[in-house]
Amino acid sequence: MQEITGKLYSAGCNVSADYTLHCSNGQMTLINDDGTKLLAPLTDIQLGVAISGQAQDITLPDGSRFLPDDVNFRLKSDFDSGFIERCEKHKALVLSSIVLCPLLIYLLFFVVVPNVAASAVTLLPDGVAKTTGEQSMLLIEKVALEPTELDIAQQTEINILWQNSLAQLRLSNEKYRLGFYRSDFFGANAFALPHGQIVVTDALVTKLAQHPEALRAVLLHEIGHVEHQHSMRIAAQSVASTVALAVIFGDLQGIAELTLGVGSAIMQQQFSQDMERQADDYALHNLETYGYKAADFATALKLISHERQSEQNDWSKYLSTHPQVETRIQRAMNYQNSK
Amino acid sequence: MDLESREVVENRASQTQKHEVQFTGDTRSYFSIWIVNILFTIATLGIYSAWATVRNKQYFFGHTLINGHRFDYLATPLQILKGRLLAIACFALYVVSSTYFSVIALLLIVVWCIALPWIINQGLRFNLRMTRYRNVQFSFKGRYKDAFVNFVLLPVLSIFTLYLLLPWVLKRIDSYIHNNIHYGDKKLNTQLSTREYYSIAFACFCMSIGIGIVVAILAMVTGASFSESPQIITGIVLLMQLSLVMIVTSAYQAMVRNHVYNNSHIEGVAEFESGLEPVDYVILNVTNVLAIVFTLGLAFPWAKVRKAKMLAAATVVHLHPEAEQVVNVQQANQSSFAEEAANVFDVDISLT
């Protein structure tokens with residue numbers, strides 16, 4: 001084996017001197033210009049990381065360290081130093097990585113994470129949904145809701161409709177509760193919390209005042225969200241993707257998070273569009289099953305979306321969070337036709 | 001000062017050797033390391049990220065040379081992995097509880113404030129101990145109490161002074177970090193001036209105002225055509241804010257770096273000098289971000305290598321002959337948990 005020149009750093013201090021390395025018969029020998037000789041069996045030495053453009057250093061049993069001058073020096077290959085470096089030098093692998101990386105990221109965040117999240121939610125005990133729902137309700141109530149201004153007669157009327165629906169669906173009226181609130185923040189809207197609390201705003205009731213059957217369709221849609229555990233799934237999904245992001249990209253700094261942040265926002269959107277469709281189906285199916293019309297839901301959508309659209313200019317339609325409202329109305333109409 | 005002692009001083013000064021910091025890495029080799037790091041990290045669901053960290057750091061440390069001697073990063077992948085798993089567990093706990101139980105999340109913020117100084121100290125301690133030049137390791141000896149005052153108490157107080165105290169707080173933070181760094185048995189001494197921090201802050205403030213005025217004029221000249229679509233205006237405002245933040249922070253970092261380096265020395269071992277031009281550094285960072293965005297991230301290695309080269313080229317170290325006598329004082333290895341916790345929770349405490 002040829003001679004390798006380099007520096008020997010003394011153990012635990014800054015002193016260094018030029019040495020030459022010889023290896024033979026499982027023994028390494030370091031020789032100084034003035035003839036000083038150091039011997040060490042190859043089994044007792046520790047090798048440094050092998051990385052492109054840097055010599056692999058050798059730490060001797062006494063703590064002194066030999067660093068060859070030749071930056072391509074490699075004593076031998078173990079897993080860390082050998083396999084990984086060979087991969088990094090493999091041109092085809094490096095080039096195909098440019099395609100493989102985005103592909104794997106897509107698979108992980110759009111296929112693996114959503115599925116894991118969905119199946120994990122079914123394993124959660126009911127208590128979690130209850131606590132989550134109650135706590136969220138507490139916060140939403142404080143921030144965005146005010147006491148209802150609907151008159152008692154109107155409330156009673158809707159409550160009767162609500163109790164009838166629950167009875168027909170054979171759902172517990174202890175779990176499912178309906179609440180009326182005035183809210184400038186939500187406008188004409190209804191939403192469901194995971195523990196069965198359903199909130200309807202005064203504005204929505206007023207808007208659908210002449211169409212109680214449309215309001216029923218909206219309530220069924222919200223029950224659909226609860227029955228399919230949608231809020232819990234969104235939460236689980238965001239937990240899973242946040243943790244996955246942290247694990248994988250904790251080290252890759254800045255850029256990866258930026259690109260993936262956009263991706264996860266789109267993903268969330270896609271996920272919630274699927275959920276809307278599922279809740280729609282629940283409402284449509286049950287409307288038909290219990291002798292109402294699926295078209296009632298179309299009526300509700302038309303009435304709710306009518307004002308919203310007139311408020312917006314053409315440009316922002318593309319950015320609207322519910323761009324598929326036309327499609328949803330069409331589905332409701334067709335649902336009726338197909339039965 | 002009498003004649004004799006002046007002679008001694010001059011004599012000493014002439015004995016110090018001036019060394020420019022060299023960076024020998026190149027985009028090509030770093031690109032393959034970077035892309036393989038990403039590929040393996042995803043394929044192993046994050047486990048490889050510990051190996052990736054080590055290779056990443058060693059690449060930049062080992063390619064940074066002073067006087068022909070390189071730096072080394074000493075942490076082992078398993079150390080990093082252990083710390084990372086613990087940090088992830090804490091992070092998952094935080095995310096789960098804050099998603100499902102909003103009230104507990106508030107409590108965790110308090111816990112976080114109490115833990116933060118410890119985490120910062122541990123992170124600095126771990127990173128510096130894992131840094132070696134020649135055969136001597138660095139270390140960090142900051143105490144919890146000081147970290148709490150500098151990183152939690154004073155920043156919160158400065159809010160109540162309408163951020164007027166902020167430059168002074170930033171000076172204290174930099175002073176705390178640097179004055180607790182040791183190289184072997186020698187301590188780093190950094191004398192920072194409050195006045196300098198205020199003039200840097202003032203320069204940054206003027207810069208923001210100046211850019212704001214230029215943008216406003218441009219908007220007035222070209223703005224008419226956008227006035228009908230609020231979305232475009234919102235987008236432009238957001239973009240402006242981002243670039244303003246990037247420009248001003250780059251300029252700030254360059255000026256502070258120069259001030260810190262030019263006023264730091266290790267007694268009897270080394271003096272430091274940094275001549276980073278704020279304008280150059282701003283241009284570098286802006287073009288880096290543009291390149292990364294327009295190549296969908298592929299230019300990242302190029303940007304990182306380019307930055308390392310500029311920072312190295314702007315740095316000079318004067319080494320004393322006695323530098324050879326520094327003795328290593330590090331022994332036991334601690335876990336990297338705190339550093340990982342800091343990473344995952346995204347608390348940036350970079351030293352440059």
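UniProt positions are given in the numbering used here, with feature names shortened, and its annotations may be inferred rather than shown by experiment. This is a predicted model, in which local features need pLDDT of at least 70, side-chain atom pairs count only at pLDDT 80 or more, and totals for chains, interfaces and linings use all residues. Residues are numbered from 1 along each chain as its sequence is written, while chains are lettered from A and ligands numbered from 1 in the order in which they are written.

Let's start with chain B. An unreviewed UniProt entry lists "transmembrane region" for residues 31-52, 73-94, 100-120, 147-170, 197-220, 232-252 and 281-303 of chain B. Helices are DSSP runs of H or I with at least four residues, strands are runs of E with at least two, and both are numbered from the N terminus. Residues 197-220 of chain B are 100% helix and 0% strand, with end C-alpha atoms 35 Å apart. Over residues 147-170 of chain B, the figures are 79% helix and 0% strand, and the end C-alpha atoms lie 13 Å apart.

Now look at where the chains meet. Two residues are in contact if their C-beta atoms, placed from the backbone, lie within 7 Å. In those terms, 47 residues of chain A are in contact with 50 residues of chain B. On the chain A side, the elements giving two or more residues are α1 (79-89), α2 (91-123), α3 (126-144), α7 (230-249) and α8 (255-289).

Finally, find A:L166, in helix α4 (residues 152-169) of chain A. Leaving out residues up to four places away in sequence, A:L166 touches A:L171, A:N173 and A:Y176.
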